[in-house]
Amino acid sequence: MHECPYVSECALFRRTLDGLPDVAWLMKEKHCKRDYMGCALYRISEAIGKENVPEGLFPNQVARAQSLICDFLRQEEHSADGTVDGPA
């Protein structure tokens, strides 16, 4: 079984779980080594770049991740065509 390609630079372990080694180990076992493709952080990293993973996002927050991805892509689309979101 393969490990998540972002595990060594994952925001969850660099920031959120820093200082909680037991919790970090359990989360790595479950999300980074077994089901990383279902991880919210992995999905954002793949779709819009690891620099766009928000602090405090947890692996099981897939719906939030999908919303962030959609918002980011919508914003990028508007930037590309010169439109701006907001009241008409």
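Rings of Phe, Tyr and Trp (its six-membered ring) are taken as a pair if their centres lie within 6.5 Å, with planes under 30 degrees apart counted as stacked, over 60 as edge-to-face and the rest as tilted. By this criterion the structure, a predicted model, holds 2 aromatic pairs. In one of them, the ring centres of tyrosine 36 and tyrosine 42 are 5.0 Å apart and the planes stand at 75°, so the pair is edge-to-face. Tyr36 and Tyr42 belong, together with Tyr6, to one aromatic cluster. Tyrosine 36 has a relative accessible area of 17% and is buried, where buried means under 20%, exposed over 50% and partly exposed in between (1.4 Å probe, protein chains only). Tyrosine 42 is likewise buried, at 11% relative accessibility.

Tyr36 is also touched by histidine 31, as is Pro59, when residues up to four places away in sequence are not counted; contact means heavy atoms within 4.5 Å. Histidine 31 lies in helix α2 (residues 21–32) and is buried, with a relative accessibility of 14%. Helices (H or I, at least four residues) and strands (E, at least two) are DSSP runs, numbered from the N terminus.

Helix α3 (residues 40–48) packs against helix α4 (residues 62–81) at an angle of about 15°, and the two axes are 8 Å apart. This angle makes α3 roughly parallel to α4 (under 35 degrees; over 145 is roughly antiparallel, 65 to 115 roughly perpendicular and the rest oblique). The axes are lines fitted to C-alpha atoms, for helices over the stretch in contact, and angles run from 0 to 180 degrees between N-to-C directions. On the α3 side, the contact is made by Ala40, Arg43, Ile44, Ala47 and Ile48; α4 contributes Val62, Ala65, Leu68, Ile69, Phe72 and Leu73. By class, this contact of α3 with α4 has 10 nonpolar, no polar and 1 charged residues (Ala, Val, Leu, Ile, Met, Phe, Trp, Tyr, Cys and Pro count as nonpolar, Asp, Glu, Lys and Arg as charged, and the others, Gly among them, as polar).

Serine 8 is found in the segment before α1 (11–16). At 68% relative accessibility, serine 8 is exposed.

Residues are numbered from 1 along each chain as its sequence is written, and side-chain values use heavy atoms, with hydrogens and water left out. Local features need pLDDT of at least 70 and side-chain atom pairs count only at pLDDT 80 or more, whereas totals for chains, interfaces and linings use all residues.
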